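Student: Please take one part of this model and go through it closely. I would like the surroundings of a single residue first, and then how that compares with other positions and with the chain.

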Amino acid sequence: MENKPIKKAWHQKLKQFDWIILGCILVLSLVLGGLLVRGEQVPLQVSYFSWEGKKVGVQDRTFNIKFNRPVNQDSVEKNLIIEPPLPGRITWQGKTLIYTLNDPPIYGTNYQLKLQNAQRSYDENTIEPFVSLFTTRDRVLAYIGIEKEERGRLILYNITDINQPKKTILTPRDLVVTNFKIYPDSEQIIFSAFEPSLRTQGIAKQELYAVTTGFNISPSINPSQRAGRLKRILDANDYQNLSFDLSKNGKTIIVWRINNKNQADSSLWIIPEEEKPRSLGIPGSNFVISPDGKRLAVAQQGGIRIVPLGSDAGSSQILPNYEKILGFSQNGEKLLLVKDNVDYTRSLVLINKNAEKQELLRTPYPIIDCEFEPREKQNIYCLKTDLIQGENGQYHEEPFLSVVNLKTKTDLPLLALPNYRDVVLSMSPDGVALLFDQVVTTVPQSEYDLLTSEKQAIADGQLWLLPLPELEGAKKSIKIQPQELTTGFKPQWLP
């Protein structure tokens, strides 16, 4: 009888390795089944907040919040709280919330961001409560000192705590500072200065310098530098350096220079970032650079010339019958000018990129300066003069501050500034206060004299802080009281 092979059961055919594989599959199936029954156990939470522990400034207009799981967007928007309030608009990119501020944050303020009760997009599980703190830059200004060891030196003045302000002297005793501009990151200040001992025939040999402030908004990226470290940018060996301007982005410097050997050789020079200075071949003492450094407005005989400073800056333009440049708007799209009229009045005119004109006001008296308000962007604060009759019956010009509304074209007086015409204004980067100075002048007597723009010697000076009022509903006048800060002149806020 023939023996037939006996068939083995399936479990007998499996080798040891096969049993291991089957065991793993079984375990994973049990785990997966358990997850499906119990639900996802990883909680919803904020995985990243871009302003965590950061000091933000006027350039910081958006922050990001990233979540580790898909989130119910409506529940996040409903429960997101910022204290004090920072109004803004929300957009989304996947699991990332992007918050764009409507207005600049208030400087010298601690903010708290809170989020709770937000839900995942696929169930009702709520987020782990999230709380984060961030702060804004300190309220700091710079000015030129007048008294004692501060005389002629560049000073930083931190008024974040107005009851305990802090001063830092940036420049050495042997330099007399005449003007300055602040870089957008506040880490450096460019200034013109001269050594009194080198003044020849009454002419100060002004040179351009940069000095560090000690501020560092990105310590994780750049190493901190101590305050007061000097670097010469432009000497006065061959040319007098009379005045200069710095673009808001800090990338372009324009200097008005005159050849020491040939006074007819007078023109504007450009110093692009990390490049050597070169002449533009354009004369002019009243000039302003656009915030992006791509255009230059120059007052010339018969009008204002707009000069492109790059290949992508458009073509040259002439705006006839304008006498003075006051400045560009924050975004550089509008230019504020003073125009001469045939009836001997002056007009304050706003011109956009398309050369469309908007007359804001007309006055028989000089318009000295104007500053754009950066929050609602519908007001301009202007320093003008009025004709006042004195006790002796004689009339004299008296400066006063007013606010011009761009929409209604109304001009609302705010504050009279008697006794001195050459006032310097500076708008705070958050748009809540104005700085201005008032100085007492006399006849120049020494090469060590501090001089105004009208070449009068400064005997004394005072800096003032003017908190800006709520203008909604105001129609005729507003009573506001400036606050005395310290002695000095030419104040400027740090950005």
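Tutor: Glutamine 462 is in contact (heavy atoms within 4.5 Å) with Phe436, Asp437, Gln438, Glu484, Leu485, Thr486, Thr487 and Gly488, leaving aside its neighbours within four places in sequence. With one of these, glutamate 484, the contact is also polar: the two side chains approach to 3.4 Å. A polar contact here is a pair of N or O atoms within 3.5 Å; within protein, one must be able to donate a hydrogen and the other to accept it, and residues adjacent in sequence count only if both atoms are side-chain atoms. Glutamine 462 lies in strand β34, which covers residues 457-467. Helices (H or I, at least four residues) and strands (E, at least two) are DSSP runs, numbered from the N terminus. The relative accessible area of glutamine 462 is 15%, so this residue is buried; buried means under 20%, exposed over 50%, partly exposed in between, with a 1.4 Å probe and protein chains only.

The model is predicted: local features need pLDDT of at least 70, side-chain atom pairs count only at pLDDT 80 or more, and totals for chains, interfaces and linings use all residues. Residues are numbered from 1 along each chain as its sequence is written, and side-chain values use heavy atoms, with hydrogens and water left out.

Serine 192 belongs to strand β13, residues 188-194, and is buried because its relative accessible area is 3%. Beyond four places in sequence, serine 192 touches Val176, Val177, Thr178, Asn179, Gln206, Glu207, Leu208 and Phe244.

Phe244 is also among the residues touched by isoleucine 254, whose other contacts include Ser243, Asp245, Leu268, Trp269, Ile270 and Leu309. Isoleucine 254 sits in strand β17 (residues 252-259) and has 0% relative accessibility, so it counts as buried. Its C-alpha atom is separated by 8.6 Å from that of proline 272, 18 residues apart along the chain.

For the chain as a whole, the secondary structure comes to three helices and 36 strands. Of the 495 residues, 45% are buried. Among contacts between residues at least 6 apart in sequence, 48% join residues at least 24 apart. The accessible surface (Shrake-Rupley method, 1.4 Å probe; for residues, only the protein chains shown count as cover) comes to about 27300 Å², with 49% belonging to carbon and sulfur atoms.
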